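Have a look at the structure below.

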Amino acid sequence: MAAVVTSGVVAAFFGSSAEAAAARIQFRVEPQAYSEALLDIAQQANVTLIGAAACPGQFRGRLDGSMTLEQALGQVLSGAPCTWRLIAPAAVEVSPGGASAATEVVRPAPPVTVGELLVTATKRIRNPRELAVAVTALPRTELYASGATDAGEAAGQLAGVLATNLGPGRNKLLLRGLSDGAYTGRARSVVATYLDDLPVNYNAPDPDFRLVDIERVEVARGPQGALYGAGSIGGIYRLVSRKPDLNNISAELRTTGALTESGASSYAVEGHANYPIWGDVLGARVAAYQEIQGGYLDDIGQDRSNVDRTERRGARLILLFQPNADWMLSGTVAGQHLRSEDTHYTTPGLGLKRSVRIPEPHVNDIALATVTVRRSWGGAELNLSSGFVRHAYGSLYDATATQSLYTDFARTSAYSERTRTKMLVQDIFLTSRGAGRLEWLAGLYGSDTRTQSPSEFLAQVPRAPNILVYGDDRRDHIREMAAYGEASWRLAPGWTAAIGGRVFRIETRTRSDVVSERFAPRGFDRQINFTGFSPKVSLQYEFRGGALAYGVISEGYRSGGVNSGGALPLPAQREAYTPDRLLNYELGLKSDWLDHRLALNGALFYAHWKDIQTDQFRPSGIPYTTNAGDAHILGIETEMAWRTDWGLTAQLNGRFSRVRTTKGNLDLTPNLVNGLPGAPPISAGGLLSYERPAFGDWNLRLVGQATYIGRSRVSFDAAQSSMGNYTRTKLSAELTGKHFGVQLFMINPLDARGDTFAFGNPFNPDQTRQITPQRPRTVGMTISAAL
């Protein structure tokens with residue numbers, strides 16, 4: 001039933017529930033499966049839908065008219081074998097039961113496949129099968145089934161998603177193989193990472209959030225500059241957290257323990273709880289976790305074992321206030337601390353051993369707060385999101401190999417780089433609701449980002465404090481302002497055209513103070529402004545059977561910047577780097593067969609990436625950013641999901657691309673590779689799951705998954721090391737009941753040692769080849785208990 005406001009003061013200010021129920025929307029639903037009819041209602045009303053697959057059977061009527069959400073759901077589900085309820089503002093949950101439930105055979109809940117989710121990656125709640133965008137969503141049920149705990153582990157189930165493997169909290173996410181290099185530096189990230197409505201990265205490595213109490217992971221592949229602005233050249237990676245249920249108390253606790261062959265043990269504890277604080281008006285949801293990833297590399301130079309131990313802990317609190325169905329106010333506070341005691345690379349011939357003179361730890365801490373307000377009318381909806389992110393990360397490297405460039409007296413040396421970013425974001429947009437021929441969205445965006453990134457070269461002598469022999473105290477202030485919009489028009493039955501774009505201005509001021517033992521200090525202060533327009537145009541056709549064919553032209557971009565580091569100033573050709581742009585042409589097909597049990601999606605794309613920005617290192621190890629040249633990328637990606645009535649589910653995805661580079665920057669390398677670094681031409685993933693009733697209310701699920709990563713180069717220089725050509729595998733068996741569950745799993749059952757990343761330390765890459773082996777064979781168990 002609809003929420004009822006119990007306070008007269010609240011009702012007087014926001015309007016009563018009766019008034020909210022009277023808000024009418026134009027609905028149009030054709031005869032089709034109940035699950036499909038529910039998806040149509042949800043996206044026309046712009047509400048979240050949970051559990052559409054729990055309603056089997058056919059809706060044989062027709063809905064066409066102006067009515068409330070409650071009336072639409074009541075008419076469509078009259079006599080259906082399922083029920084619905086509002087669990088939060090603009091959130092509907094569907095459960096088995098209802099008029100014909102007694103005739104249904106009790107089975108485990110069917111797995112969610114490619115087409116049975118609604119996503120919000122386009123800033124509106126939509127069925128991804130009806131979008132002219134390559135979108136994939138991975139629901140929490142599949143995350144739990146596969147045991148995926150972070151972006152790297154989930155990547156194998158998402159077409160075109162790759163992650164570098166420098167180590168937890170140090171990796172870059174890549175989509176479609178659109179890589180600007182394997183290193184993280186000044187260039188803005190090519191993939192925009194979001195937690196709900198808030199961007200959480202600028203030029204930082206992925207914060208590597210643990211996937212605890214996540215509703216789903218959404219990936220929109222291809223440039224998304226029209227809606228999301230700079231930093232979305234490769235696409236969007238979005239974590240959608242579970243929101244408070246305003247009607248029920250719930251809680252869950254999960255514990256995991258694992259043993260790694262020739263390594264240290266690992267463990268994790270995570271949990272979440274939901275509590276309705278005030279009737280069905282105010283509720284809270286909290287999640288927390290603590291994890292230790294045991295190390296598996298031994299440093300023979302320092303006589304230390306299992307040096308690459310990683311600790312990750314975090315928490316998230318969401319408060320939700322819903323005075324009625326048309327108003328919503330939510331606030332989120334979240335944070336995570338991640339620390340690796342040492343890096344994860346070795347050298348060939350040493351197996352799981354290495355020899356480095358000093359430890360090379362890394363830390364990645366992030367904290368954020370966001371407030372979201374939503375106001376709905378019959379034909380429109382206003383969304384306002386404000387957020388603040390504080391991201392601090394840093395690394396320490398053994399720099400002894402290059403210390404003679406900076407000092408004459410050190411026995412060993414360390415290079416310390418730290419970054420502290422504070423980002424304030426404001427996004428407000430208005431969208432249409434209902435089933436009209438015209439749908440539209442218009443918004444304003446603003447952000448203020450301040451980054452301080454001091455780097456230091458430290459000489460080390462026995463029994464004495466570290467001595468600063470070089471330092472660069474750099475500060476960046478970036479302001480971004482934009483107006484964006486998108487409109488679509490149903491031209492004729494089945495045909496829809498859309499056009500959109502983003503007008504933007506980015507202002508960047510960089511200041512730097514450099515000190516050096518051997519050279520005079522120098523200062524630096526420069527401002528660069530970048531303005532432009534990023535367009536998007538699409539045309540799509542929906543066949544009578546539900547398949548969708550589309551064509552889209554879209555663009556992504558990043559602004560330019562300046563370099564500051566080094567004991568000596570850079571040559572003129574390296575002082576600054578110019579903006580880069582990626583123009584993408586794409587043809588796609590989304591289809592399902594066999595009564596929605598087989599889903600096939602595919603996309604053919606051609607992208608021209610001009611003036612690719614890339615983070616590189618000088619021979620001294622000091623980083624700088626430059627433009628590598630142009631690239632022409634022709635690629636195809638596919639994904640398939642198939643399920644049977646007897647519990648078997650198969651998911652396959654693959655990507656193939658051909659890259660041709662032109663107009664290479666000779667100052668970077670005279671031998672420009674025909675490819676993009678860290679992005680192999682071929683990658684693929686697969687998951688096979690079998691689920692069946694075991695005994696009583698217990699279900700058994702067996703899962704096997706594999707991901708193949710092809711061979712690539714570590715940089716734009718064709719003479720540099722290659723890496724990749726390995727397969728990640730995992731097996732698991734899970735037994736779940738109403739309140740308890742246990743899962744056994746094995747990671748890397750064949751104990752493969754493929755080179756996942758041929759980079760570790762920028763201060764000695766030319767002297768010793770670096771490789772990053774896979775985690776050795778690991779077995780573990782997860783036990784869960786739910787209230």
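Cys82 counts as buried because its relative accessibility is 4%, where buried means under 20% relative accessible area, exposed over 50% and partly exposed in between (1.4 Å probe, protein chains only). This is a predicted model, so local features need pLDDT of at least 70 and side-chain atom pairs count only at pLDDT 80 or more, while totals for chains, interfaces and linings use all residues. Residues are numbered from 1 along each chain as its sequence is written, and side-chain values use heavy atoms, with hydrogens and water left out.

| Residue | Relative accessibility | Class |
|---|---|---|
| Cys55 | 2% | buried |
| Cys82 | 4% | buried |
| Ile499 | 54% | exposed |

Cys82 is joined to Cys55 by a disulfide, S to S 2.1 Å (cysteine sulfur atoms within 2.5 Å). The structure holds one disulfide. Its S-S torsion is about -60°, so the bond between Cys55 and Cys82 is left-handed.

Now for a sheet. Five strands form an open one in the order E8-E13-E14-E11-E12, with mixed pairing; strands (E, at least two residues) are DSSP runs numbered from the N terminus, and two of them pair if DSSP finds at least two bridges between them. Strands E8 (134-139) and E12 (198-199) are the edges, each pairing on one side only. E8 and E13 (residues 214-221) run antiparallel, joined by six bridges, and Ala134 has Arg221 in E13 as its bridge partner.

Finally, Ile499 sits in strand E27 (residues 495-516).

Technical notes
Helices (H or I, at least four residues) and strands (E, at least two) are DSSP runs, numbered from the N terminus.
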